[in-house]
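Thanks, everyone. I will go through a few local features of the model on the screen, starting with charges and rings and ending with the backbone.

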Amino acid sequence: MNRHINKVAVIGSGIMGSGIACHFANIGVEVLLLDIVPRELTEKEAAKGLTLDDRTVRNRLVNDALAKALKSKPSPIYHQKFANRITTGNLEDDIAKVAKVDWIIEVVVERLDIKKKVFESLEKHRTPGTLITSNTSGIPIQFMSEGRSEDFQQHFCGTHFFNPARYLKLFEIIPGPKTNPEILDFLNGYGEKFLGKTSVVAKDTPAFIGNRIGIFSIMSLFHAVKALDMTVEEVDKLTGPVIGRPKSATFRTVDVVGLDTLVHVANGIYENCPKDERHTLFQLPDFINTLMENQWLGSKSGQGFYKKEKNKEGKSEILTLDLGTMAYRSKKSAKFATLELTKTIDKVVDRFSVLCGGKDKAGEFYRKSFGQLFAYVSHRIPEITNELYKIDDAMKAGFGWEHGPFQIWDAIGLDTGLEFIAAEGQQAAAWVDEMKAAGISCFYTVKEGATYYYDIPKKAMVKVPGQDAFIILDNIRKTNEVFRNSGVVVEDLGDGILNVEFQSKMNTLGADVVTGLTKAIDLAEKDFQGLVVGNQAANFSVGANIGMIFMMAVEQEYDELNMAIKMFQDAMMRMRYSAIPTISAPHGMCLGGGCELTMHADKVVAAAETYIGLVEFGVGVIPGGGGSKEMAMRASDSFRKGDVELNVLQEYFLTIGMAKVSTSAYEAYDLGILQKGKDIVVVNKDRQIATAKAYAKLMAEQGYTKRPKRKDVKVLGKQALGMFLVGTDAMEASHYISEHDKKIADKLAYVMAGGDLSEPSYVSEQYLLDLEREAFLSLCTERKTLERIQHMLKTGKPLRN
């Protein structure tokens, strides 16, 4: 029987409950969010003469919690209007409404007695066959459904979302003693396809998979700090982006999450896993106990391992906790010779062997921490899962690691990893020795574009399930390569569709990338049916190579710069006016030139987490790769009978002038960057390339025809130009913008008005591109622009001058 989720009930509106409610609203599901009824009035309620029987009072807790969540940063919701999909209520007046939902998710306080009471109440109203799950982070699932009906227990399991629910991809599914296997299969597929998660079915063991391994890793580092005499800054330097982990690394992450949360989970593992071979490691070190006693819990208490305060000059300064003296001090720089060796190694996976070979304290730290981690994860199989890939999936999706423990072990080498384990006085699980004895020297391998893992019971390499919906570019790059230069790799995705993948640093768009893109279109037109522009890096593209622009401008090589900009514009026009369908697949940051490229594709298949915008104002120029032209043209296409055309044009002008960047793909529709009815959004980024390929194939099969170039763009001339100039004059006079800001805005106004034409006229795209390029080049001659570009190159932040 097909199961459809049209409406869910979320019980408990705290940070986690509201976050889960928002994420279901994100994907179009109706949500009923319920919480308890307050037992006393607030001062404001009493002053208004309200009573405990008033509906606003009875729903105060749930409404306040949801409102707080919707105001939080980063936002839990893709678009504020999606909050309309959430209906609030309380567990006394509205509990009967759960009879009409398809899935009930319990997210109340982590106490078994309270959860069991909630389930008892819910069962009185739940319709048989309705899914019912708990978001517990560690309470055994087997205890929760005791005493409930057979139908309840068959449809009950744990569904552990990680916080924040929108952004962290891990979705742990934990079966109860009587959970129907079909329910697990459904939730596994639903989590991946609809919620955009990495679904992992875990065993019902303390802390499940993600927290069991993640808390071990953190506790291991806590104990290593004293052993290696390391500072907080040193540990965070070594456990952040250099090894493919979040910028918050270790101690900053604990501050953000809350030390009390970590301690609660660590104590739970210590108390409930007496047979864990590293049981004593989960005992809290002295400095953690001191932090807890002082209530230095991190961001929630104002101080933890880091503390922000005003210095003598009145400026904010971040202080660091000295773990020896337990006093705060100024931050110290953390430098290691080993890290210097990795600066030229772009791929994280290629850094591990260099880092572990270091002769300094950093090298010792990595050998020690990886040795302990490798031993520990090997012994967790089959305790917490039977499949090693699930441990890697959980750490990547739940803790933001780019590579899981077994993937890191593969990068270092099986034998080297075993040496690290032995050096720590530890031993790997017996199955690792058996694997080695059988002549298998790695945990993963790739065959015909698919990833295989070592299956311990079968003692053989087995295909990781669920890959058929994905295209993993890392797996096909070598075997399916059609063309390569220093900036791109063009791969054959099959079925007549090519993919062009950027290979530059941060996927910036320089001459090599633009040349490669044009070549990919040529190849697709000659021998294929369609082209996808997509990659699976952290960000689609942070924009044009401003370093190249800066050097040409400084050297006053204006002819060369003009040619470079013309080359970029021409490539964008090739994207739009080619003989084959072109699909852009943006995700993460898609800024400046990356945004311009996306706007020129025939169709956009955007990941929901796409932060896209034309941000060129920040470096003192206007969009010069077709972005200014495109916004003028989209404004023209938006003119409707009865509209005030100047107002429409102004909205598009402000999108560029204010360097607006969407906080999700859905917001990009509001900015005019994505277009309704043409472009689509996918929630699961892992499906993005495959989905883009499918659309390219469909468009080709439907008979794609090259479009004629546009010559019907309506521009408003002096009428619009005058309005813009009056506006920028007023903004400068009121000190809202600088003199240079005004100069940039005036140049943009000239382009988007179509120049100083005496009356509204129809012009071609090329006419606007020429105006755009001329304006861009003129701004590159300005000293203030060069200062902004130089500042951006040095700091990564825009300068206002």
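Start with arginine 3: its charged end sits over the ring of phenylalanine 186, 5.9 Å from the ring centre. The rule for that wording is NZ of Lys or CZ of Arg within 6 Å of the ring centre and within 35 degrees of the ring normal. Arginine 245 has its charged end over the ring of tryptophan 401, 3.5 Å from the centre.

Before I go on, the conventions. This is a predicted model, where local features need pLDDT of at least 70 and side-chain atom pairs count only at pLDDT 80 or more, while totals for chains, interfaces and linings use all residues. Residues are numbered from 1 along each chain as its sequence is written, and side-chain values use heavy atoms, with hydrogens and water left out.

Next, ring pairs. A pair of aromatic rings is described by the distance of the centres and the angle of the planes. Here rings of Phe, Tyr and Trp (for Trp, the six-membered ring) pair if their centres lie within 6.5 Å; planes under 30 degrees apart count as stacked, over 60 as edge-to-face, and the rest as tilted. By this rule the count comes to 35 aromatic pairs.

One of them is phenylalanine 216 with tyrosine 376, a stacked pair at 3.8 Å centre to centre and 0° between the planes. The pair links distant parts of the chain, 160 residues apart: phenylalanine 216 belongs to helix α9 (residues 210–227) and tyrosine 376 to helix α16 (residues 361–379). Helices here are DSSP runs of H or I with at least four residues, strands are runs of E with at least two, and both are numbered from the N terminus.

Is phenylalanine 216 buried or exposed? It is buried, because its relative accessible area is 1%. Tyrosine 376 is buried too, with a relative accessible area of 1%. The cut-offs are under 20% relative accessible area for buried, over 50% for exposed, and partly exposed in between, using a 1.4 Å probe and protein chains only.

Now the pair of phenylalanine 365 and tyrosine 366. The ring centres are 5.6 Å apart and the planes are at 70°, so this pair is edge-to-face. Phenylalanine 365 and tyrosine 366 are both buried. They also belong to a cluster linked by ring pairs, whose members are Phe352, Phe365, Tyr366, Phe370, Phe374, Phe406, Trp409, Trp431, Phe443 and Tyr454.

Serine 378 is in helix α16, and it counts as buried because its relative accessibility is 0%. What does serine 378 touch, not counting residues up to four places away in sequence? The list is Phe406, Ala428, Ala429, Trp431 and Val432, where contact means heavy atoms within 4.5 Å. From the C-alpha of serine 378 to that of isoleucine 391, 13 residues apart along the chain, the separation is 9.9 Å.

On to helix packing. Helix α24 (residues 558–576) and helix α32 (residues 765–780) have axes that come within 10 Å and cross at roughly 145°. Axes are lines fitted to C-alpha atoms, for helices over the stretch in contact, and angles run from 0 to 180 degrees between N-to-C directions. The crossing of α24 and α32 is right-handed. A crossing is left-handed if the near helix is turned anticlockwise from the far one by less than a right angle, and right-handed if clockwise. Among the residues making the contact are Tyr558, Leu561 and Ile565 of α24 and Leu769, Phe776 and Leu777 of α32.

For comparison, the axes of helix α19 (residues 414–423) and helix α20 (residues 430–437) come within 12 Å and cross at roughly 150°. This crossing is left-handed. Leu414, Asp415 and Leu418 of α19 meet Val432, Met435 and Lys436 of α20.

Last, the backbone. Most residues other than glycine have a negative phi, and most peptide bonds are trans. The bond from asparagine 163 to proline 164 is cis, with omega near 0°, and proline 164 lies in the loop between β6 (156–161) and β7 (170–175). Another cis peptide bond joins isoleucine 381 and proline 382, with omega about 15°. Proline 382 is in the loop between α16 and α17 (388–399).

Asparagine 507 has a positive phi, near 55°. Asparagine 507 counts as buried because its relative accessibility is 5%. Glutamine 556 also has a phi near 55°, but it is exposed, with a relative accessible area of 56%.
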